[in-house]
Amino acid sequence: MTHALKPYENIIDFVTGKAIPNVGAEENRQAVERLLVEEKGFPKSALKIDYPIEFEVGGEIHVSAVAILVFAKNGQPLMAVKCAAGSLGSYEREAVSAARLAADPPVGLALVSDGKAVTLLETQKGKVVGEGWAAIPYFEQSEKWVQQYKTPSLSPRRLEQERLIFRTYDSGNVNVGRELGAGCK
């Protein structure tokens, strides 16, 4: 069976300036990038695009990425962003899992957005702490937010469980730029 790709256009990523395939939730990610920089005051250098996540689970290596990993003014990870092309609620658990795996100790906040709506979750318990663009901290407040949502390292057992959860959600992502070498995951 051959794998046929749908035609796509490239767009220029707001943060990196690189041409990327406009597939999946890419336009939504561009909206979030712009908001974080233009409205919330984050420098582009505080946003790491397609931040890699790689781990072994079940004897296999799983490679993926966080769409945007946002860093606070003090350089600590603040928020893992998942761009959604559908209902935000169905992506919340995946975003929390990505935040738990992106750093050690885990990133304290996870954000899910479709480019218009926003849900902000704290990573330790996976609970919603805010909705809407107003829920996102400004860059100037970011150090305080890192301290407020500080999350302890995961136990080895919990880490393995989180890897399984993330892999399950991530393996179901279709129509993303991963196969093309870029794009919102």
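Author: Glu-160 counts as partly exposed, at 31% relative accessibility. The model is a predicted one.

Reader: How far apart are the closest N and O atoms of Arg-163 and Glu-160?

Author: Arg-163 is also partly exposed, with a relative accessible area of 22%. Arg-163 and Glu-160 are three residues apart in helix α4, so about one helical turn separates them. An α-helix has 3.6 residues a turn, so residues three or four places apart point the same way. Arg-163 and Glu-160 form a salt bridge, and the distance between the closest N and O atoms is 3.9 Å.

Reader: How many salt bridges does a search of the whole structure find?

Author: A salt bridge needs a side-chain nitrogen of Lys or Arg within 4 Å of a carboxyl oxygen of Asp or Glu. With the whole structure searched, the number of salt bridges found is ten.

Reader: Are Arg-29 and Glu-26 buried or exposed?

Author: Arg-29 and Glu-26 form a salt bridge with 3.1 Å between the closest N and O atoms. Both residues lie in helix α1 (residues 26-39), three residues apart. Under 20% relative accessible area counts as buried. Arg-29 and Glu-26 are both buried.

Reader: Which residues are linked with Arg-29 in a network of salt bridges?

Author: Arg-29 pairs with Glu-26 in a salt bridge. The network of salt bridges that contains Arg-29 also links Glu-26, Glu-33 and Asp-50.

Reader: How many residues apart in sequence are the parts that Arg-93 and Glu-162 tie together?

Author: Arg-93 forms a salt bridge with Glu-162, with the closest N and O atoms 2.7 Å apart. Arg-93 lies in helix α2 (residues 92-102) and Glu-162 in helix α4 (residues 156-171), so the parts tied together by this pair are apart in sequence by 69 residues.

Reader: Within what arc do the buried residues of α4 fall?

Author: The buried residues of α4 are Glu-162, Phe-166 and Asp-170. They line one face of the helix, because down its axis they fall within an arc of 60°.

Reader: Which residues are exposed on the other side of α4?

Author: The buried residues of α4 have a cover that includes β3 (47-57), β4 (60-71) and α2. On the other side of α4, the exposed residues are Arg-157, Thr-168 and Ser-171.

Terms used:
Residues numbered from 1 in each chain as written. Predicted model: local features only at pLDDT ≥ 70, side-chain atom pairs only at ≥ 80, totals over all residues. Heavy atoms only, no water. Helix = DSSP H or I, 4+ residues; strand = E, 2+ residues; numbered from the N terminus. Buried < 20%, exposed > 50% of the residue type's maximum accessible area, 1.4 Å probe, protein only. Arc of directions from axis to C-beta. Contact = heavy atoms within 4.5 Å.
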